[in-house]
Amino acid sequence: MTLQEYDYARESPSKLAASCLLLALTMKNLGGWTPTLEYYSGYRSQDLHPLVKRLNFLLTYQPHDKLKAVRTKYSHRVFFEVAKVTPMDMLRLEEKLKNC
């Protein structure tokens, strides 16, 4: 979805990928940012928090009237219907990020 948003073009692809991973881990309650993830990604959890919040905001307030191809594709069973996952409440996300 970030490919369709110009605001994310300035972000480093590795930082964007790491932030997406942290958001997914947080959304699915699969743990936080481990020392191993920090070592191999090169990013500390705190460095990713602002971008994680922006990504969750993008998921929460995405326009539904146009550019539906990505949402439609990832709503399919083949892709585990990840586009249908409910975004996190921003306050709950803040709380979880403080703990990781």
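Student: What should I know before reading the labels?

Tutor: Residues are numbered from 1 along each chain as its sequence is written, and side-chain values use heavy atoms, with hydrogens and water left out. The model is predicted, so local features need pLDDT of at least 70 and side-chain atom pairs count only at pLDDT 80 or more, while totals for chains, interfaces and linings use all residues.

Student: Where is T26, and why is T26 called buried?

Tutor: T26 lies in helix α1, residues 13–27. Helices are DSSP runs of H or I with at least four residues, strands are runs of E with at least two, and both are numbered from the N terminus. Buried means under 20% relative accessible area, exposed means over 50%, and partly exposed is in between (1.4 Å probe, protein chains only). T26 has 7% relative accessibility, so T26 counts as buried.

Student: What does T26 touch, leaving aside neighbours within four places in sequence?

Tutor: T26 is in contact with G31, M88, L93, K96 and L97. Contact means heavy atoms within 4.5 Å.

Student: Why is α1 called roughly perpendicular to α5?

Tutor: Two packed helices are described by the angle between their axes and the distance between the axes. Axes are lines fitted to C-alpha atoms, for helices over the stretch in contact, and angles run from 0 to 180 degrees between N-to-C directions. The axes of α1 and α5 come within 11 Å and cross at roughly 105 degrees. That makes α1 roughly perpendicular to α5. Angles of 65 to 115 degrees count as roughly perpendicular, under 35 as roughly parallel, over 145 as roughly antiparallel and the rest as oblique. Here L22, L23 and T26 in α1 meet L93, K96 and L97 in α5.

Student: How do you know how α1 lies against α3?

Tutor: Helix α3 spans residues 45–60, and it packs with α1 at an angle of about 75 degrees, with their axes 8 Å apart. That angle falls in the 65 to 115 range, so α1 and α3 are roughly perpendicular to each other. Among the residues that meet are L22 and L23 in α1, with S45 and L55 in α3.

Student: What makes S45 buried?

Tutor: S45 sits in helix α3. S45 has 4% relative accessibility, under the 20% limit, so S45 counts as buried. Leaving aside neighbours within four places in sequence, S45 is in contact with L22, W33 and C100.

Student: Why is R54 called partly exposed?

Tutor: R54 is also in helix α3. R54 has 26% relative accessibility, between 20% and 50%, so R54 counts as partly exposed. R54 touches D7, Y8, R10 and E11, not counting residues up to four places away in sequence.

Student: How do you know that F80 is buried or exposed?

Tutor: F80 has 71% relative accessibility, over 50%, so F80 counts as exposed. F80 is in the loop between α4 (69–73) and α5 (90–98). With Y74, V78, F79, V82 and V85, F80 makes a nonpolar surface patch of about 560 Å².

Student: What about E81 and N29: why is each called partly exposed?

Tutor: E81, in the loop between α4 and α5, has 33% relative accessibility and so counts as partly exposed. N29, in the loop between α1 and α2 (35–41), has a relative accessible area of 48%, so N29 is partly exposed. Neither is a glycine, yet E81 has a positive phi of about 50 degrees and N29 has one of about 55 degrees.

Terms used: Patch = residues over 30% accessible without salt bridge, like charges linked within 9 Å, V, L, I, M, F, W, Y side chains within 5 Å. Areas by Shrake-Rupley, 256 points an atom, 1.4 Å probe, with all protein chains shown as cover. Salt bridge = Lys/Arg side-chain N within 4 Å of Asp/Glu carboxyl O.
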